[in-house]
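Subject: A structure for you to look through

Dear colleague,

Please keep the structure open while you read.

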Amino acid sequence: MLGQLPAVFLDVVAPVFAIVALGWALGPRLALEARTVSRAAYYLFVPAFTFDVIARSDVPLGSAARMVAFAVVAHAAFALLGFAVARALRRTPEVTAAYVMLAVFGNVGNFGLALVQFRFGPGALAPATIYYIAILVTSFVVCVGAAAWVRGGGLSAITSVLRTPALWVVPPAMLVAGDVVALPLSVSRSVGLLGSAMIPAMLLALGLQLAEAGRLRVTPDVFAVTGLRLVAAPLLAAAIVGPFGLGEVERATGVLQAGTPAAILVAIIAVEHGIAPSFVTTAVIFTTLCSLPTLTVLLALV
């Protein structure tokens with residue numbers, strides 16, 4: 001394993017962090033704002049990518065169902081673990097919701113898909129996208145629901161989830177994937193072009209957030225959620241994946257995506273709903289920085 005670490009770092013991890021570094025270095029010089037790029041991704045690039053990968057998916061239904069089941073069960077377990085840790089530490093409801101959001105929502109979109117492709121090749125993108133959709137939907141429901149529940153109660157939580165753009169596109173994309181609806185070539189190409197911008201845009205946005213953050217205030221809570229996200233989550237995923245009967249690539253892909261840092265979208269959701277935004281943003285950035293060595297080790301192990 002140790003002999004693989006330099007190659008894994010240079011060939012798999014470094015290209016992803018290079019785009020983040022570009023955002024950090026060039027953002028202030030070009031007067032780019034993280035919020036503008038992040039919101040463009042949230043409302044435009046992410047829904048386009050989600051639609052595109054579902055519409056093009058050709059993974060067998062049985063395998064897809066097992067991967068979705070594993071992703072949902074694993075991430076529900078992450079959310080419960082985050083809740084349990086926060087309650088054990090006697091945190092406020094707001095900070096408890098933040099723990100749940102950070103524990104459940106990994107950066108599987110830009111980090112996960114890019115790392116999977118570099119590590120396992122283009123053929124692994126099919127299971128990776130199935131995981132991506134399952135994790136995206138599960139995490140959005142948990143994160144937006146938890147945030148809205150703190151602020152407004154049950155009905156508000158449900159309506160907030162339903163207003164999430166990335167979820168709107170799932171039903172029509174499934175109709176296209178099932179050949180129920182034929183998408184015009186011009187529309188398909190436009191959606192594909194928009195979707196292809198998601199990964200670089202989100203990595204760039206993360207670099208811009210790093211540049212804007214300045215000096216991070218790393219608290220014990222930040223260390224706690226970093227441990228949950230980067231260590232406990234992949235270990236828990238590896239412990240429960242066995243009964244789902246997945247192939248080697250599907251199993252490795254699922255465990256790898258469980259170990260990604262907290263998603264940039266968590267910070268966006270936290271800001272939108274006023275859920276400890278400073279703590280959440282700091283945790284997203286800190287988990288991203290700490291994931292440089294942890295992902296290198298995890299990639300070598302899987």
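Helix H1 is followed by Ala-31, whose phi is positive, near 55°; helices here are DSSP runs of H or I with at least four residues, numbered from the N terminus. Before going further, please note that this is a predicted model, in which local features need pLDDT of at least 70 and side-chain atom pairs count only at pLDDT 80 or more, while totals for chains, interfaces and linings use all residues. Residues are numbered from 1 along each chain as its sequence is written, and side-chain values use heavy atoms, with hydrogens and water left out.

Ala-31 sits in the loop between H1 and helix H2 (34–56), and with a relative accessible area of 65% it is exposed; buried means under 20% relative accessible area, exposed over 50%, and partly exposed in between, for a 1.4 Å probe and protein chains only. Most residues other than glycine have a negative phi. A second residue of this kind is Ala-276, with a phi near 40°, a positive value in a residue other than glycine. Ala-276 belongs to the loop between helix H14 (264–273) and H15, and at 12% relative accessibility Ala-276 is buried.

**Helix H1**

The 26 residues of H1 (residues 5–30) should span 38 Å at 1.5 Å a residue, and the end C-alpha atoms are 35 Å apart, which agrees; the expected span is 1.5 Å times one less than the number of residues. At Ala-14, shortly before the proline Pro-15, H1 has a kink of about 50°, where the bend is the angle between axes fitted to the seven residues ending at a residue and the seven starting there. Among the buried residues of H1 are Leu-5, Val-8, Val-12 and Phe-17.

**Helix H12 and its partner H15**

H12 has 21 residues and reaches 28 Å from its first C-alpha to its last, close to the 30 Å expected. H12 bends by about 40° at Ala-232, and the proline Pro-234 follows within four residues. Helix H12 (residues 220–240) packs against helix H15 (residues 277–301) at an angle of about 40°, with their axes 9 Å apart; axes are lines fitted to C-alpha atoms, for helices over the stretch in contact, and angles run from 0 to 180 degrees between N-to-C directions. The contact (heavy atoms within 4.5 Å) involves residues including Asp-221, Arg-229 and Pro-234 of H12 and Phe-279, Cys-290 and Leu-298 of H15. The buried residues of H12 are covered by elements including helix H3 (61–88), helix H4 (93–104), helix H13 (248–258) and H15.

Ser-139 is buried at 0% relative accessibility, and Thr-138 is buried at 13%. The side chain of Ser-139 reaches the backbone oxygen of Val-104 at 3.2 Å, while that of Thr-138 reaches the backbone oxygen of Ala-134 at 2.8 Å. Leaving aside neighbours within four places in sequence, Thr-138 is in contact with Val-72 and His-75, and Ser-139 with His-75, Val-104, Phe-105 and Val-144.

Methods
Helices (H or I, at least four residues) and strands (E, at least two) are DSSP runs, numbered from the N terminus. A polar contact is a pair of N or O atoms within 3.5 Å; within protein, one must be able to donate a hydrogen and the other to accept it, and residues adjacent in sequence count only if both atoms are side-chain atoms.
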